[in-house]
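Have the sequence and the coordinates open while reading.

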There are 2 protein chains.
Amino acid sequence: MIERAHAVIMAGGQGERFWPLSTSRTPKQFLRLIGDKPMLGLAVGYLEGLVDPARILVITRADLVQATRAAAPELPAENIIGEPFGRDTAAACALGTALVAARDPDGVILVMTADHIIDDIDVFQTTVSEGFGLVAGESILMTIGMAPSFASTGFGYIETAEAVPSDGETTFLKAVRFVEKPDRDTAEKYLSAGNYFWNSGMFLWSVTAFLRALQTHHPRLLQMAKRMTPLAGTADFEDRLKAEYDRLERISVDYAVMENADNIVMARGAFGWDDVGSWPALANHFAGDADNNVVIGTCEALASRSNLVVSQGRLTALIGVEDLVVVQAGNATLVCRKDLAQDVKRLVHRLRSRGSYEDLL
Amino acid sequence: MIERAHAVIMAGGQGERFWPLSTSRTPKQFLRLIGDKPMLGLAVGYLEGLVDPARILVITRADLVQATRAAAPELPAENIIGEPFGRDTAAACALGTALVAARDPDGVILVMTADHIIDDIDVFQTTVSEGFGLVAGESILMTIGMAPSFASTGFGYIETAEAVPSDGETTFLKAVRFVEKPDRDTAEKYLSAGNYFWNSGMFLWSVTAFLRALQTHHPRLLQMAKRMTPLAGTADFEDRLKAEYDRLERISVDYAVMENADNIVMARGAFGWDDVGSWPALANHFAGDADNNVVIGTCEALASRSNLVVSQGRLTALIGVEDLVVVQAGNATLVCRKDLAQDVKRLVHRLRSRGSYEDLL
């Protein structure tokens with residue numbers, strides 16, 4: 001374990017992109033998409049031996065606190081913190097940092113998400129460990145970037161400049177700019193330029209560095225953090241958090257802080273990372289059969305190729321179809337062209353606007 | 001009601017083509033595909049006012065007798081007869097005729113199926129009524145043929161010659177040949193020739209004419225019929241039928257009798273008929289929505305066209321798909337290209353060969 005090392009796992013989510021398997025009540029971090037553990041359990045596992053479970057906080061939706069405790073039984077119950085409403089990642093980062101500050105004002109923090117996949121845990125731990133060494137006692141903010149493997153328009157990018165000297169195995173680069181999700185042409189340019197990296201949404205900082213950054217770039221969040229710190233673990237915490245959150249805008253930590261800060265270092269993550277942002281992305285983590293179909297559950301396929309089928313405890317039969325995502329869960333079945341999988345979110349919004357459909361599930 | 005008129009409804013079926021809604025235990029005649037009644041109930045309804053319910057027999061699988069009685073409560077329980085094994089239509093016609101012979105040796109019989117759709121019941125009843133008039137006391141066998149609306153390769157055809165004089169509204173033609181399901185080119189020729197008709201599988205004959213035809217063309221079936229007639233309604237019936245059927249070959253009435261007989265008259269059926277032989281055929285009986293999707297049940301569709309969705313009490317969501325059949329039933333979902341719907345049967349055979357899948361449903 002690294003001294004003074006803490007982790008804040010952000011586990012919100014509305015359960016949209018993996019509908020109908022994910023729902024509002026069972027968002028992605030609870031799904032056992034890969035192996036036997038829920039995604040959140042995998043995230044906790046990535047930290048094993050690196051961060052003491054007593055120093056791992058999970059920030060989730062208030063209505064998911066009980067389910068989150070069940071999904072991460074390794075963690076102390078009081079480390080699972082519910083947000084009364086989603087206020088995006090800036091608020092979650094500020095709250096998480098405030099809670100660590102209450103315990104360890106000189107601590108360093110890894111912020112990560114509950115629903116991403118990391119392939120090489122050893123390399124991940126080395127990266128984080130060396131990153132902690134660099135941010136400890138310093139005022140820098142660190143982000144973990146991934147060398148793009150294709151011209152993705154689904155990620156934000158980090159533009160980097162010269163290397164930051166370090167003794168370890170990890171490459172650290174000065175980050176000069178955070179950029180939002182680009183269009184296709186721009187993404188191609190970033191890919192060929194070689195100094196642009198995907199923004200993974202994982203960050204490292206010391207308590208003091210992040211609070212100082214909030215003071216400069218988003219003082220309102222600093223006020224919230226300062227007011228909440230002394231309430232950590234008290235009976236007033238929940239009501240007060242609700243009052244604080246009620247007055248906050250929704251804003252991401254990238255937009256509120258990282259895009260404006262000039263003291264950012266990027267750790268190059270070389271551990272194999274995937275945010276598994278859609279059904280087809282999930283398929284990439286499984287070997288297909290002879291017809292390139294990926295089946296989780298039971299499927300009988302005739303003359304069908306390159307489909308993803310999720311059909312646990314049920315039977316899906318395919319005849320003559322290609323490049324589809326077919327998912328049975330609850331009382332619903334999704335049949336979606338793979339290249340339109342981003343529209344699942346739009347579909348769920350439409351179902352929710354109708355009111356009653358989620359009750360069917 | 002027409003005097004001496006009887007009907008034999010053939011209600012076998014393995015529940016293959018409408019899987020997963022149909023199964024071995026609930027073949028097509030039990031499905032409420034169109035309106036509120038099961039297909040068998042529709043068939044009984046077509047005979048209302050034409051044939052006394054006391055004179056309507058249903059020949060079904062022995063294991064379906066109870067379910068058949070429930071689906072056709074208008075009929076006397078003893079009129080539902082179970083076959084110990086399926087032996088195709090020749091055996092069913094012989095058995096049905098034998099049972100009518102036991103009650104009314106001078107009767108006339110309409111043989112029909114339990115799972116076809118008739119649009120204009122008045123015209124149907126006129127056709128059958130005039131047909132009964134023609135076959136009564138005569139040695140002719142009558143079949144009902146349909147003017148082909150396209151070059152179907154899924155039906156057998158009847159080649160016709162000169163008209164048979166009659167006083168009514170129905171056209172009767174001398175049938176010169178029964179031909180099996182043709183290939184595409186042959187079907188095109190039949191369509192343009194104008195004197196070829198689809199074989200609907202509906203027949204009319206007098207008891208004596210059909211028994212005489214069996215004597216000439218398939219004496220073994222005549223023996224079975226003669227031995228079973230005196231056992232109708234007795235305690236020995238079931239065991240004896242099993243012994244008789246055990247020795248019979250599987251053969252259709254077309255092949256065993258109609259293709260060889262030279263005394264066949266075809267009634268031209270002009271009442272709108274469909275055997276609803278597949279999922280896409282069912283879709284033709286419903287108006288589609290603005291995107292030509294036919295939905296039976298609940299469906300949310302984005303950018304999807306010309307699909308058939310059967311999803312009763314469940315939700316099916318489509319994104320970006322066209323010309324598919326999507327059916328949820330039991331614990332299974334079928335996703336099938338419309339033009340490959342005939343392969344559903346092959347799929348069900350494969351599932352049955354695996355043994356355990358139908359238990360999932």
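**A walk through the predicted model**

The coordinates come from a predicted model. A residue counts as buried here if 20 or more other C-beta atoms lie within 10 Å of its own. The burial of S6(B) applies to both faces: Leu141(B), Thr143(B) and Gly145(B) are buried on one side, and Met142(B), Ile144(B) and Met146(B) are buried on the other.

Which strands pair with S6(B)? One is strand S10 of chain B, residues 264–269, which runs parallel to S6(B) and is joined to it by 6 bridges. Another is strand S9 of chain B, residues 196–206, which pairs with S6(B) in the antiparallel sense over 5 bridges. In S10(B), Val265(B) stands opposite Met142(B), while in S9(B) the bridge partner of Met142(B) is Leu204(B).

Next, the chain as a whole, with chain A as the example. Chain A contains 11 helices and 15 strands. Its radius of gyration is 21 Å, close to the 21 Å that the globule rule gives for 361 residues, so chain A is as compact as a globular protein of that length. Along the principal axes, the C-alpha atoms of chain A fill a box of roughly 60 × 50 × 35 Å. Of the 361 residues of chain A, 48% count as buried. Among contacts in chain A with a separation of 6 or more, 65% are between residues 24 or more positions apart.

The domain assignment divides chain A into domain 1 (5–273) and domain 2 (279–360). Taken over C-alpha atoms, the centres of these two domains of chain A are separated by 30 Å. Contact between them involves 11 residues of domain 1 of chain A and 13 residues of domain 2 of chain A. On the domain 1 side, the touching residues divide into 7 nonpolar, 2 polar and 2 charged.

How do the two chains relate to each other? A rotation of 180° with 0.0 Å of shift along its axis superposes chain B on chain A, with an RMSD of 0.0 Å. That is the relation of a two-fold axis. At the interface, 30 residues of chain B are in contact with 30 residues of chain A. Strands S12 (294–302), S13 (308–319), S14 (324–329) and S15 (332–337) and helix H11 (344–354) of chain B each supply at least two residues of the side that touches chain A. That side of chain B divides into 19 nonpolar, 5 polar and 6 charged residues. Because 100% of the interface residues of chain B are also interface residues in chain A, the copies meet through the same surface. Strand pairing also crosses between the chains: 5 bridges join S13(A), residues 308–319, to S15(B), and these strands run parallel. Within this pairing, Ala317(A) has Leu334(B) as its bridge partner.

Some backbone details remain. Most residues other than glycine have a negative phi, and most peptide bonds are trans. A cis peptide bond joins Trp19(A) and Pro20(A), with omega about 5°. Pro20(A) lies in the loop between strand S1 (5–11) and helix H1 (39–46) of chain A. Val276(B), which is not a glycine, has a positive phi near 45°. Val276(B) is in the loop between strand S11 (273–274) and helix H10 (279–283) of chain B, and is buried, with 21 other C-beta atoms within 10 Å.

Notes: Residues numbered from 1 in each chain as written. Chains lettered and ligands numbered in written order. Predicted model: local features only at pLDDT ≥ 70, side-chain atom pairs only at ≥ 80, totals over all residues. Contact = placed C-beta atoms within 7 Å. Helix = DSSP H or I, 4+ residues; strand = E, 2+ residues; numbered from the N terminus. Nonpolar A, V, L, I, M, F, W, Y, C, P; charged D, E, K, R; others polar. Pairing = 2+ DSSP bridges. Least-squares fit on C-alpha atoms with pLDDT ≥ 70 in both. Buried ≥ 20, exposed ≤ 12 C-beta atoms within 10 Å, placed from the backbone. Rg over C-alpha atoms; globule rule 2.2 N^0.38 Å. Domains from an automatic or database assignment.
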